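Open the model in your viewer and keep the sequence panel beside it. The stops below say what to select and what is there.

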Amino acid sequence: MADMAKADIAKADMAQNTISTLAGSIGAGLSCACPRCGRGKLFRGFLSLRARCDVCGLDYSFADSGDGPAVFIMFLAGAIVVGAALVTEAQYHPPYWVHAALWLPLIFILTLGPLRPMKGLMIALQYHHKAAESRFGGADKS
Ligand SMILES: [Zn+2]
């Protein structure tokens, strides 16, 4: 009986700490936190995920952002760097080493910097919208 009450309290705690709004999910994703509770850590290494949330126990095996974060960042960083290089070349005609000194560090900053938050964001949005690969067989097995 006491165990039942404890389990109910734990369930209620989990329900209260669940993120339900889109803004909350976006915030949890950008801060690389668990998409369900917003408190547990999402990453183990730079981009590798933990097996589960150490606060609420959410299994992260559903999360597969694939190339999504990298593609968005490539388009955005590419537009910024190429645009800036074109404007700089047209305005100042600097030697090539100036281009290399300017744009190589910028490329690293603009690609590696937002990669973790972008992957966290995509996983949080995947969790929020319950997105998953389509499967044959119809019935939802979760
Ligand atoms: Zn969690």
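**Whole chain**

Buried residues make up 15% of the 142 residues in the protein chain, a residue being buried if 20 or more other C-beta atoms, placed from the backbone, lie within 10 Å of its own, exposed if 12 or fewer, and partly exposed in between. This is a predicted model, in which local features need pLDDT of at least 70 and side-chain atom pairs count only at pLDDT 80 or more, while totals for chains, interfaces and linings use all residues. Residues are numbered from 1 along each chain as its sequence is written.

Show the cartoon: the chain has 5 helices and 0 strands, in the order α-α-α-α-α. Helices (H or I, at least four residues) and strands (E, at least two) are DSSP runs, numbered from the N terminus.

**Colour by confidence**

Colour by pLDDT, the predictor's confidence in each residue, from 0 to 100. The protein chain averages 85, and 85% of the residues score at least 70. Confidence is lowest in helix 1 (residues 2-16), with a mean of 50, and highest in helix 4 (residues 96-112), at 95.

**Helix 2**

Select residues 22-30, which form helix 2; its buried residues are Ser25, Ala28 and Gly29. They lie on the same side of helix 2 because they cover an arc of only 100° around the axis, the arc being that of the directions from the helix axis to the C-beta atoms. What do the buried residues of helix 2 pack against? They pack against helix 5. Step on to Cys32, which follows helix 2 and has a positive phi, near 60°.

**The core**

Finish with the largest nonpolar core, which has 13 residues. A nonpolar core is a set of buried Ala, Val, Leu, Ile, Met, Phe, Trp, Tyr and Cys residues joined through C-beta atoms within 7 Å. Ala28, Ala33, Cys34, Leu42, Leu58, Ile123 and Ala124 touch the most other members. Helix 5 (residues 115-128) supplies the largest share, 5 residues. Centre on Ile123: leaving aside neighbours within four places in sequence, Ile123 is in contact with Gly29, Pro35, Leu42, Ala63 and Ser65.

Terms used
Two residues are in contact if their C-beta atoms, placed from the backbone, lie within 7 Å.
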